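Reader: I would like to learn how to read a few features of this model with you. Could we take them one by one?

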Amino acid sequence: MPPPALPILPYVSHESPSAALTRKFGPETANYFSGSPLNRLSWLRSDHLFLRAAFSHASARFLLLNSLGPMVESKQEDGRLAFAGPEDVRGLLGSAEEVFRSEEEVVGGYDSEAAGKGERMVVFLGVDLVDEEQKQQEGVFEWKEFRGAPYFAVDVTPREGDGEEGKAKAEELIKKMEEEKGRAFLSASPRGMGLEAGHAAMYGQARAVVDWNARNPFCAQCGQRTISVHAGTKRVCPPTDKGKDRAPCATRGTVSNLSFPRTDPTVIMAILSADGTKVLLGRNRRWPQYWYSTLAGFQEPGESIEEAVRREVWEESGVTVGRVVLHSSQPWPFPASLMIGAIGQALPGDGEKIFLGHDAELEDARWFPLEEAKEALLNGASNLGEAAPEGYAEGALRLPPQTAIANRLLNAVVEGWWTMPKI
C-alpha cells in the first residue's frame with residue numbers, strides 16, 4: 001500500500017517566499033495526524049444551544065468509532081473516512097436536547113445508578129468552515145458569523161453495560177452502515193493506517209478524546225465517578241448524587257488539570273555524530289529484523305525539551321548530546337502523545353561511545369552513515385508488520401514510514417536541514 005500524502009499547511013499559499021520566519025528558519029514541517037480541515041471553535045463546546053443547533057442540522061456529519069476504529073468508505077476504499085448523517089444516529093443517540101444539556105443541568109441532575117447506562121460519548125470535533133463565495137449557499141449551518149458543516153465523533157461500540165436495548169441499537173447502526181451502505185470499520189491500530197492527511201487528523205482528534213473519556217470514568221482526586229460535559233472535552237466530579245451531597249473533592253470550584261483530556265509530551269530525536277556524517281538509531285527486541293528507528297522517550301516533569309532529549313539519549317544509548325534543535329511535532333493518538341521532534345549532535349570523542357547498560361529498553365544502537373539512512377528512506381521504509389517495499393535488498397536497513405515523525409526527522413538530517421540556521 002502506498003503511503004498517504006502528508007498534510008499541506010493552509011497558510012503556505014498565502015505566504016511570501018521571502019517571509020521573515022521562513023527565510024530564517026526554513027519551511028515548517030507538517031506531520032501525519034496534523035492538518036485537520038476543521039476549525040475546532042473550542043470556546044463553543046460549553047454552549048449547549050450551539051451544540052444542539054449543530055447536532056440537529058442537516059449538514060452535520062458524524063464519525064463513528066467502533067472499539068476506537070473509524071468508519072471508512074469501504075474495505076476497498078479505506079483511505080477516506082465515511083460519515084453518518086443526523087438521521088442515521090438519531091435512533092441511537094436521541095434528540096439534540098437529550099444529547100446536549102447545560103453543564104449546570106448535567107451536574108445538578110447526576111444520578112449514579114443511571115450513570116453510563118445507555119449513554120453514548122459524543123464529541124464535537126469542529127466545523128468545516130466555507131469560504132466567502134460559499135457563504136451565500138442555502139442549507140449551510142450558520143452560527144453567528146460562522147458557516148459550514150459541523151462534525152462530531154460518536155462511540156458506537158456495543159457494550160454489555162449499555163443494557164440490552166442500548167447494545168442492540170449500536171449493533172443495528174453498525175450493521176446498517178456495513179450492509180446497507182457498504183461501509184467498513186478499520187482497526188484502531190496505527191499499523192497500516194492509510195487515511196488521507198486531513199482525515200487522519202480528524203480521526204486522531206476523535207480517537208484521543210473518546211479514549212480519554214473511556215479511560216477516566218472516575219475522579220483521579222477522590223475516586224468517585226465523573227461525568228462528561230462540554231461535548232466530551234471535560235469531565236466533572238458532581239457535588240451531589242440525586243440531590244444528596246457526595247464526599248468532598250478538591251477538583252470542584254477550581255481549575256483542575258484532572259478534568260481535561262491529557263496529552264503526554266514525548267521527545268523523539270535524530271542524533272548526528274560530532275562530524276555530521278552519521279545518525280544514531282536504535283532497535284527494540286520486538287521489532288522485525290534490520291528494523292531501526294530514532295530514539296524516543298517521555299518528557300519528565302520539570303524538564304525542558306532539550307534536557308529530555310539529552311537525558312533519554314544518554315540513558316538509552318550512552319551517547320552524550322550537545323546542541324539540540326527543535327524540528328517539528330506530531331500528535332500521536334495512541335493513546336495521547338505529542339511527539340516533539342528534535343535534532344541533536346553528539347559531543348566528539350567519548351561522547352559518541354555507545355553503552356547500553358543504563359537502560360535495557362534497546363536491544364541495539366549504532367551509528368549509521370547518512371548515505372545508508374538515505375537509501376533506507378527510499379527503499380526500506382514501511383509500517384511495523386508490513387513487508388519491505390519493492391526495491392528493498394535483504395539485510396539492508398529498514399525504517400519507519402513517512403507517517404511517523406521518525407521518518408521526517410531522518411529525512412531532515414539526510415537532506416541537510418540541520419545545517420540551516422534554524423534557531
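Reader: Is lysine 242 buried, partly exposed or exposed?

Author: The general idea is a set of cut-offs: buried means under 20% relative accessible area, exposed means over 50%, and partly exposed lies in between (1.4 Å probe, protein chains only). Lysine 242 has 47% relative accessibility, so it counts as partly exposed. This is a predicted model, where local features need pLDDT of at least 70, side-chain atom pairs count only at pLDDT 80 or more, and totals for chains, interfaces and linings use all residues. Residues are numbered from 1 along each chain as its sequence is written, and side-chain values use heavy atoms, with hydrogens and water left out.

Reader: Where does lysine 242 lie, and what is its phi?

Author: Helices (H or I, at least four residues) and strands (E, at least two) are DSSP runs, numbered from the N terminus. Lysine 242 sits in the loop between strand S9 (240-241) and strand S10 (244-245). Its phi is near 55 degrees, a positive value in a residue other than glycine. Lysine 144 also has phi near 55 degrees, a positive value in a non-glycine residue. Lysine 144 belongs to the loop between strand S4 (141-143) and strand S5 (146-155), and at 63% relative accessibility it counts as exposed.

Reader: Which glycine takes a positive phi just after H10?

Author: That is glycine 416, with a phi of about 80 degrees. Helix H10 (residues 405-414) itself is mostly covered, with 10 of its 10 residues buried. Among these buried residues are Ile405, Arg408, Leu409 and Val414.

Reader: What covers the buried residues of H10?

Author: The cover includes strand S11 (264-272), strand S12 (278-283), strand S14 (321-332), strand S15 (337-346) and helix H9 (370-379). Contact here means heavy atoms within 4.5 Å. Strand S12 also holds lysine 278, which is partly exposed at 25% relative accessible area. Leaving aside neighbours within four places in sequence, lysine 278 is in contact with residues including Ile271, Trp367 and Phe368.

Reader: Now to charges. How should I read a salt bridge, and how many are there?

Author: Side chains of opposite charge can pair when their charged atoms come close. The rule used is a side-chain nitrogen of Lys or Arg within 4 Å of a carboxyl oxygen of Asp or Glu. By this rule the count comes to 20 salt bridges. One of them joins the side chains of lysine 181 and aspartate 88, at 3.0 Å from N to O. This pair links distant parts of the chain, 93 residues apart: lysine 181 is in the loop between H6 and strand S6 (184-185), and aspartate 88 is in helix H3 (residues 86-93). Lysine 181 is partly exposed, with a relative accessible area of 36%, whereas aspartate 88 is buried at 8%.

Reader: What separates arginine 215 and aspartate 211 in helix H7?

Author: An α-helix has 3.6 residues a turn, so residues three or four places apart point the same way. Arginine 215 and aspartate 211 are four residues apart in helix H7, which means they are separated by about one helical turn. They form a salt bridge, with the closest N and O atoms 2.7 Å apart. Arginine 215 is exposed, with a relative accessible area of 55%, but aspartate 211 is buried at 9%.

Reader: Which residues does aspartate 211 touch, not counting residues up to four places away in sequence?

Author: Aspartate 211 touches Leu68 and Pro335. Proline 335 is in the loop between S14 and S15, and a cis peptide bond joins phenylalanine 334 to proline 335, with omega of about 5 degrees.

Reader: Which salt bridge does aspartate 364 form?

Author: Its partner is arginine 366, with the closest N and O atoms 2.8 Å apart. Aspartate 364 is buried, with a relative accessible area of 19%, while arginine 366 counts as partly exposed at 39% relative accessibility. Elsewhere, salt bridges that share partners join Glu300, Glu303, Arg311, Glu312 and Glu315 into one network.
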